[in-house]
Amino acid sequence: MRVISGSARGHKLKSLTGMQTRPTTDRIKESLFNIIAGYLDDAYVLDLFAGTGGLGIESLSRGAEFAVFIDKNTEAIKVIKENLTHTKLTEKAKVYACDFYEYIRRFEPTDRKFDIIFMDPPYSKGFIVPVIQGIWKNKLLHDDGMIVIERESGDEIPQKIEGLEIVREKQYGRTIINFMKYTKYNHRQDEET
């Protein structure tokens with residue numbers, strides 16, 4: 001596993017031993033970042049279920065301004081910090097060892113909203129819908145932001161969840177990447193208020 005492009009290009013990233021995490025493959029990562037390239041400049045990024053931190057680190061390498069990494073696994077937190085040090089991106093990141101619910105609950109309306117939120121939760125555990133509902137309820141996503149969800153093909157999710165909808169879907173074997181944004185109706189509502 002490595003950083004594909006940008007300032008940290010070619011740096012190998014440390015991963016956790018065993019099957020504790022499931023890092024996004026380089027092929028999927030490259031395709032995913034080609035799709036979101038226009039969102040990365042000076043972006044504020046949230047990497048939920050961060051694992052090794054690969055998606056947030058790739059974002060920073062490609063021009064994101066800052067990334068927040070969340071994982072409750074203490075070994076994962078250690079690996080994320082080592083990978084940030086190795087890629088010289090520590091100053092552009094904050095790492096929290098906590099459950100995603102805890103972080104979402106702690107988020108204050110005055111905090112800066114995220115332009116990109118990555119979600120790569122454990123497969124078949126039912127995390128996706130409650131996390132998106134939490135993102136919506138606590139207003140974590142910027143008006144023009146995007147949520148990027150990695151899931152297994154068997155993990156079906158609705159086309160719309162709260163005020164967000166799937167705007168694009170890509171399948172790579174058994175892995176599906178969904179891209180969610182605010183619905184146009186909710187954008188109009190936000191603009192009018």
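Strand 1 (residues 44–48) and strand 4 (residues 114–119) are paired in the parallel sense over four bridges, where strands are DSSP runs of E of at least two residues and helices are runs of H or I of at least four, both numbered from the N terminus. Pairing requires that DSSP finds at least two bridges between two strands. In this pair, L46 stands opposite I117 of strand 4. The model is a predicted one, in which local features need pLDDT of at least 70 and side-chain atom pairs count only at pLDDT 80 or more, while totals for chains, interfaces and linings use all residues. Residues are numbered from 1 along each chain as its sequence is written, and side-chain values use heavy atoms, with hydrogens and water left out.

The sheet is open and consists of eight strands in the order 3-2-1-4-5-8-7-6, with mixed pairing. Strand 3 (93–97) and strand 6 (160–161) each have a single partner strand and stand at the edges, so one side of each is left without a neighbour in the sheet. Helix 2 (residues 54–61) packs on the sheet and touches strand 1, strand 2 (66–71), strand 3 and strand 4, contact being heavy atoms within 4.5 Å. The direction of helix 2 makes about 175 degrees with that of strand 2; axes are lines fitted to C-alpha atoms, for helices over the stretch in contact, and angles run from 0 to 180 degrees between N-to-C directions. Helix 3 (residues 74–86) also packs on the sheet, touching strand 2 and strand 3, and its direction makes about 170 degrees with that of strand 3.

Eight salt bridges are present in the structure, each defined as a side-chain nitrogen of Lys or Arg within 4 Å of a carboxyl oxygen of Asp or Glu. One of them joins the side chains of E58 and R62 (2.7 Å, N to O). K29, E58 and R62 are linked in a network of salt bridges. E58 counts as buried at 1% relative accessibility (buried, under 20% relative accessible area; exposed, over 50%; partly exposed, in between; 1.4 Å probe, protein chains only).

The side chains of E65 and R112 also form a salt bridge (3.2 Å, N to O). E65 lies in the loop between helix 2 and strand 2, and R112 in the loop between helix 4 (100–106) and strand 4, so the pair ties together parts that are 47 residues apart in sequence. E65 is partly exposed, with a relative accessible area of 39%, and R112 is partly exposed at 38%.

A further salt bridge is formed by the side chains of R174 and E152 (2.8 Å, N to O). This pair links distant parts of the chain, with R174 in the loop between strand 7 (164–172) and strand 8 (175–182) and E152 in strand 5 (residues 141–152), 22 residues apart. R174 is exposed, with a relative accessible area of 57%, whereas E152 is buried at 17%.
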